Amino acid sequence: MWIYEKKLQYPVRVSTCNPKLAKYLIEQYGGADGELAAALRYLNQRYSIPDKVVGLLTDIGTEELAHLEMIATMVYKLTKDATLEQLKEAGLDAHYVDHDRALFYHNAAGVPFTATYIQAKGDPIADLYEDIAAEEKARATYQWIINMSDDPDLNDGLRFLREREIIHAQRFREAVEILKEERDRKKIF
């Protein structure tokens, strides 16, 4: 179904080791509005969405997996050379105790990922509005992380991800209009 290219969707660079910034980014890895939740939400919802827009959910869900890979790379690069003292100062000591330097799906506060982050109502328009909200929340989170960051190299990748959230929200809005038009079309039998 997919072709995997062994490269990231967009280059990930970091200027310096920064575990505190990595802790913020973990929100987009395993948080409620992060890339894992988005990918799972869209790839699940596509089974109850009309054929006219099913490809959109498949495409965006797949792209969210690529974004998850970018976030994982960012977190890894920001922490790989960190000392234990730097991890403690960044508030990642509990993460280290449980997982060493391995990535784990939890939010910035350390709360593990849960399926309750994923919504699927079965009503295509309701689900698409949920998806628009998810994209807008992710966009806002990326902006707030950029605001907290002083790493111009990392911010370049974060801006790319923020812009993709905007595009996804626009595409979901277009899908809502397609489905509303279809719903409101007069049916002649």
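What follows is a conversation about the terms used for this model.

Modeller: Before we start, this is a predicted model, in which local features need pLDDT of at least 70, side-chain atom pairs count only at pLDDT 80 or more, and totals for chains, interfaces and linings use all residues. Residues are numbered from 1 along each chain as its sequence is written, and side-chain values use heavy atoms, with hydrogens and water left out.

Colleague: Which residues make the contact between helix 2 and helix 3?

Modeller: From helix 2 they include Tyr42 and Leu43, and from helix 3 they include Leu57 and Ile60. Contact means heavy atoms within 4.5 Å. By class, this contact has 10 nonpolar, five polar and two charged residues. Nonpolar covers Ala, Val, Leu, Ile, Met, Phe, Trp, Tyr, Cys and Pro; charged covers Asp, Glu, Lys and Arg; the others, Gly among them, are polar.

Colleague: What makes helix 3 and helix 6 roughly parallel?

Modeller: Helix 3 (residues 51-79) and helix 6 (residues 124-148) have axes that come within 14 Å and cross at roughly 25°. That is under 35 degrees, so the two helices are roughly parallel to each other. The crossing in which helix 3 passes helix 6 is left-handed: the near helix is turned anticlockwise from the far one by less than a right angle, where clockwise would be right-handed.

Colleague: Which residues meet there, in helix 3 and helix 6?

Modeller: Leu57, Ile60, Glu64 and Ile71 of helix 3 meet Leu128, Asp131, Glu135 and Tyr142 of helix 6. The residues of this contact divide into five nonpolar, no polar and three charged.

Colleague: Now the rings. How many aromatic pairs does the structure hold?

Modeller: There are four aromatic pairs. In one of them, Tyr10 and Phe160 have ring centres 4.4 Å apart and planes at 10°. Rings of Phe, Tyr and Trp (its six-membered ring) pair if their centres lie within 6.5 Å, and planes under 30 degrees apart count as stacked, over 60 as edge-to-face and the rest as tilted. At 10°, the pair is therefore stacked. Tyr10 lies in the segment before helix 1 (19-30) and Phe160 in helix 7 (residues 152-184), 150 residues apart.

Colleague: Why is the pair of Tyr29 and Tyr105 called stacked?

Modeller: The ring centres of Tyr29 and Tyr105 are 4.5 Å apart and the planes are at 10°, so this pair is stacked. Tyr29 is in helix 1, and Tyr105 is in the loop between helix 5 (93-99) and helix 6, 76 residues away.

Colleague: What makes Tyr29 count as buried?

Modeller: Buried means under 20% relative accessible area, exposed means over 50%, and partly exposed is in between (1.4 Å probe, protein chains only). Tyr29 is at 8%, so it is buried, whereas Tyr105, at 33%, is partly exposed.

Colleague: Is His168 buried or exposed?

Modeller: His168, in helix 7, has a relative accessibility of 1%, so it counts as buried. It touches Ile60, Glu63, Glu64, His67 and Glu135, not counting residues up to four places away in sequence.

Colleague: And how do you know that Thr116 is exposed?

Modeller: Thr116 sits in the loop between helix 5 and helix 6. Its relative accessible area is 60%, which is over 50%, so Thr116 is exposed. Thr116 and Ala32 are 84 residues apart in sequence and 8.5 Å apart in space, C-alpha to C-alpha.

Colleague: What about Asp100: why is it called partly exposed?

Modeller: Asp100, in the loop between helix 5 and helix 6, has 43% relative accessibility, so it falls between the two limits. Asp100 also has a positive phi of about 55° although it is not a glycine.

Key
Axes are lines fitted to C-alpha atoms, for helices over the stretch in contact, and angles run from 0 to 180 degrees between N-to-C directions. Helices (H or I, at least four residues) and strands (E, at least two) are DSSP runs, numbered from the N terminus. Angles under 35 degrees count as roughly parallel, over 145 as roughly antiparallel, 65 to 115 as roughly perpendicular and the rest as oblique.
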